Amino acid sequence: IAVGPVHAGIIEPGHFRFSVVGEKVIRLEERLGYTHKGVAKLFESLAQSEGHRLAARISGDSTVAFSWAYCAALEAITATAVPARAAHLRALALEHERLANHLGDLGALGNDAGFAFGLTQFSRLKEDLLRANTETFGARYLFDYIFPGGVAADVPQTSYAHLVHFYRDLEHEVAGMQSIYDEHGGLQDRFREAGLLDRHHAIQLGAIGLAARASGVAHDLRVDHPWSPYDRFATQIVTETKGDVAARVLVRFREIFESLRLCRALLADLSHTSLEAAPIATAVPHAQPNRLGLGLIEGWRGLVVIALETGPDGQLRRGHAHDPSWQNWPLLEYAILGNIVPDFPLINKSFNLSYSGPDG
């Protein structure tokens with residue numbers, strides 16, 4: 001059975017070839033890379049002050065993670081210290097990005113299991129978050145919010161109280177939806193034992209990010225190697241052990257609650273007198289020649305990496321972007337084995353890997 005590379009909706013192209021016996025999948029072959037954007041060469045043609053715009057558009061659902069990774073790499077090779085307030089605002093934007101994607105995924109997973117009510121409710125909650133983004137950061141999607149040396153805008157003073165209430169209401173509504181998902185027999189029948197990836201194979205296949213944590217692999221850069229401002233907070237790693245669709249759904253629910261806790265802590269720090277009047281950006285000098293910089297950010301899907309290398313004149317000579325989907329696409333080929341063909345959309349969505357990120 002051949003599926004793709006052209007799909008319904010607006011997702012990027014990807015080809016899947018299933019070998020089946022009856023309805024049971026005995027092999028899956030994936031073929032990606034149909035649009036090959038030439039990102040590495042594009043980095044070489046951009047000034048260092050413009051590269052974050054390209055990074056932010058490598059995979060649109062991870063725009064904050066990629067742009068922060070680019071800026072972190074550039075700030076490393078220019079020895080730039082980002083103001084503490086800017087670092088807090090970047091982290092707040094990153095957690096909002098995590099929330100938006102988890103909310104969207106939980107709705108889509110409910111819909112793929114025939115529960116349209118879940119899609120409706122989580123779409124509404126995601127829309128509320130995107131409107132909060134507009135009020136807080138000045139845009140629904142934060143493609144140009146993070147730039148070298150800082151961020152584009154501060155949180156308006158009038159937004160603090162609104163955000164506190166919004167986080168409380170969102171937590172309450174997500175908890176209610178989790179109860180519905182947990183107690184819905186039809187949903188759980190579709191979720192449990194579907195797309196199983198046990199811990200042993202997750203380690204062998206190099207799983208990272210959310211997919212790994214749902215299989216009991218407890219890795220999260222915010223905890224393992226916390227950078228500013230995460231070194232100020234005791235971020236909790238969310239893990240499950242069963243490694244099926246149900247586990248990946250539960251990790252998303254629990255990570256929403258942890259992200260909301262972090263958002264509250266970040267907001268409290270931002271309103272403290274020590275950070276209240278601090279700048280949100282600083283100048284970034286021209287990069288030194290023959291330097292290598294790495295930016296590593298734990299995005300919602302997993303570890304995002306950008307490596308930058310400067311030439312003899314200090315201009316960018318190489319730029320490489322690494323999306324976590326590079327490691328995780330092979331997981332899907334394993335997790336689908338023994339499942340029936342109609343469960344593929346559900347299992348695929350439970351990983352929700354990027355077509356665009358690896359297609360550089």
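Q: Is Cys-71 buried or exposed?

A: In this predicted model, Cys-71 has 0% relative accessibility, so Cys-71 counts as buried. Cys-263 is buried as well, its relative accessible area being 0%.

Q: How many disulfides does a search of the whole structure find?

A: A disulfide calls for two cysteine sulfur atoms within 2.5 Å. The search of the whole structure finds zero. For Cys-71, the nearest cysteine sulfur is that of Cys-263, 20 Å away, and Cys-71 is in no disulfide. Cys-263 is likewise in no disulfide, with the sulfur of Cys-71 as its nearest, at 20 Å.

Q: Which residues of the largest nonpolar core touch the most other members?

A: In soluble globular proteins, nonpolar side chains tend to be buried together. Here the largest nonpolar core has 94 residues, and those touching the most other members are Tyr-70, Leu-92, Tyr-181, Phe-191, Ile-306 and Phe-351. Helix H11, residues 245-270, gives the most to this core, with 12 residues. There is also a second, separate core of five residues, including Leu-210, Val-238, Ala-247 and Val-251.

Q: Which residues does Leu-92 touch, not counting those up to four places away in sequence?

A: Among them are Thr-136, Phe-137, Val-155 and Tyr-167, together with Cys-263, Leu-266, Leu-267 and Leu-270.

Q: In which sense do strands S2 and S3 pair?

A: S2 (residues 15-21) and S3 (residues 24-31) pair in the antiparallel sense, over seven bridges. Phe-16 stands opposite Glu-30 in S3. The two strands form a hairpin with two residues between them, and Gly-22 in the turn has a positive phi of about 65 degrees.

Conventions: Residues are numbered from 1 along each chain as its sequence is written. This is a predicted model: local features need pLDDT of at least 70, side-chain atom pairs count only at pLDDT 80 or more; totals for chains, interfaces and linings use all residues. Side-chain values use heavy atoms; hydrogens and water are left out. A nonpolar core is a set of buried Ala, Val, Leu, Ile, Met, Phe, Trp, Tyr and Cys residues joined through side-chain atoms within 4.5 Å. Buried means under 20% relative accessible area, exposed over 50%, partly exposed in between (1.4 Å probe, protein chains only). Helices (H or I, at least four residues) and strands (E, at least two) are DSSP runs, numbered from the N terminus. Contact means heavy atoms within 4.5 Å. Two strands pair if DSSP finds at least two bridges between them.
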